[in-house]
Amino acid sequence: MDYNTQRPQLVMPEYGRYIQEMVDYCKGIEDAEERKRCAKSIIAIMANMTEKNGDDADFKAKLWNHLAAISHYELDIEYPVKIEHEEDSQNQRERVPYPQKKIERRHYGAIVEKFTQALKEEQDEKKRFELAKLIANHMKRDLSNWNVDVMSDAKVADDLEQYTEGKVVLTPDKFQFVSDGELLSSLISTTVKKKKKK
């Protein structure tokens with residue numbers, strides 16, 4: 001039996017093996033006019049298989065470029081559009097730098113780390129305490145989203161103290177966290193809304 005796994009890999013699997021075979025056949029046609037007619041027929045079939053996006057000229061240009069790619073740029077015909085080699089288009093794209101930053105506690109994320117750094121550097125005690133309240137409750141929400149079973153005021157207070165190298169210490173007599181019940185009801189409400197959208 002002839003299995004697909006034993007055949008050459010498809011250049012553009014979305015068009016299927018029959019298109020690949022048609023293009024390979026077209027490449028082997030010796031007469032230039034016949035070869036061009038065959039290419040136009042393949043383009044017509046590809047057009048029927050593909051959803052049209054944008055204007056007609058862009059759509060046709062895309063199909064001809066796909067045909068050239070499927071043929072490994074070996075189909076010798078006069079193309080009605082400019083053919084861009086895949087390597088050329090890849091070289092034209094600028095690589096977007098992705099920040100590679102190690103996050104100490106992934107469940108809180110990079111934003112919390114950034115804010116706790118600002119908190120550590122804040123000199124005004126009143127401002128530092130107000131900012132600490134906002135960050136602590138945000139951390140508790142992050143923790144509840146990550147794993148409800150490990151969510152506790154003591155853990156958040158301890159993590160915040162470590163983040164700020166002991167400059168912020170939250171004690172129950174000075175600071176009241178958002179309640180577990182409020183957080184859990186908010187979490188359930190968000191989950192229900194997401195299920196309704198689906």
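A surface patch, as the term is used here, is made of residues with over 30% relative accessible area and no salt bridge, nonpolar side chains being joined within 5 Å. In this predicted model, Tyr 18, Met 22, Ile 45 and Met 49 form such a nonpolar patch, with about 410 Å² of accessible area together. The protein chain has eight helices and zero strands, and 32% of its 198 residues count as buried.

**Nonpolar surface patch**

- Helix H1 (16–27) and helix H2 (32–49) each contribute at least two residues to the nonpolar patch.
- Met 22, one of the patch residues, is located in helix H1.
- The relative accessible area of Met 22 is 30%, so this residue is classed as partly exposed.

- Lys 27 forms a salt bridge with Glu 74, with the closest N and O atoms 2.9 Å apart.
- Because Lys 27 lies in helix H1 and Glu 74 in the loop between helix H3 (56–70) and helix H4 (86–92), this pair ties together parts that are 47 residues apart in sequence.
- Lys 27 is partly exposed, its relative accessible area being 27%.
- Glu 165 forms a salt bridge with Lys 120, and here the closest N and O atoms are 3.3 Å apart.
- This pair also links distant parts of the chain, 45 residues apart: Glu 165 is in the loop between helix H7 (153–163) and helix H8 (180–197), and Lys 120 is in helix H5 (residues 109–121).
- Glu 165 is exposed, at 62% relative accessible area, whereas Lys 120 counts as buried, at 13% relative accessibility.

- Lys 133 and Glu 130 meet through their side chains in a salt bridge, at 3.5 Å from N to O.
- Both residues belong to helix H6 (residues 125–146), where Lys 133 and Glu 130 are three residues apart, about one turn of the helix.
- Lys 133 counts as partly exposed at 28% relative accessibility, and Glu 130 counts as partly exposed at 38%.

**Largest pocket**

- The volume of the largest pocket is about 200 Å³.
- Its lining includes Glu 125, Arg 128, Phe 129 and Ala 132, together with Gly 166, Lys 167, Val 168, Val 169, Leu 170, Thr 171 and Lys 174.

Key: Residues are numbered from 1 along each chain as its sequence is written. This is a predicted model: local features need pLDDT of at least 70, side-chain atom pairs count only at pLDDT 80 or more; totals for chains, interfaces and linings use all residues. Side-chain values use heavy atoms; hydrogens and water are left out. Patches are made of residues with over 30% relative accessible area and no salt bridge: like charges are joined within 9 Å, nonpolar side chains (Val, Leu, Ile, Met, Phe, Trp, Tyr) within 5 Å. Accessible areas come from the Shrake-Rupley method with a 1.4 Å probe; for residues, only the protein chains shown count as cover. A salt bridge is a side-chain nitrogen of Lys or Arg within 4 Å of a carboxyl oxygen of Asp or Glu. Helices (H or I, at least four residues) and strands (E, at least two) are DSSP runs, numbered from the N terminus. Buried means under 20% relative accessible area, exposed over 50%, partly exposed in between (1.4 Å probe, protein chains only). On a 1 Å grid over the protein atoms alone, a cavity is a set of points where a 1.4 Å probe fits but cannot get out, and a pocket is an open set with protein on both sides within 12 Å along at least five of seven lines; lining residues have an atom within 4 Å of a point. Grid points are joined across faces, edges and corners, and a volume is the space filled by probe spheres set on the points.
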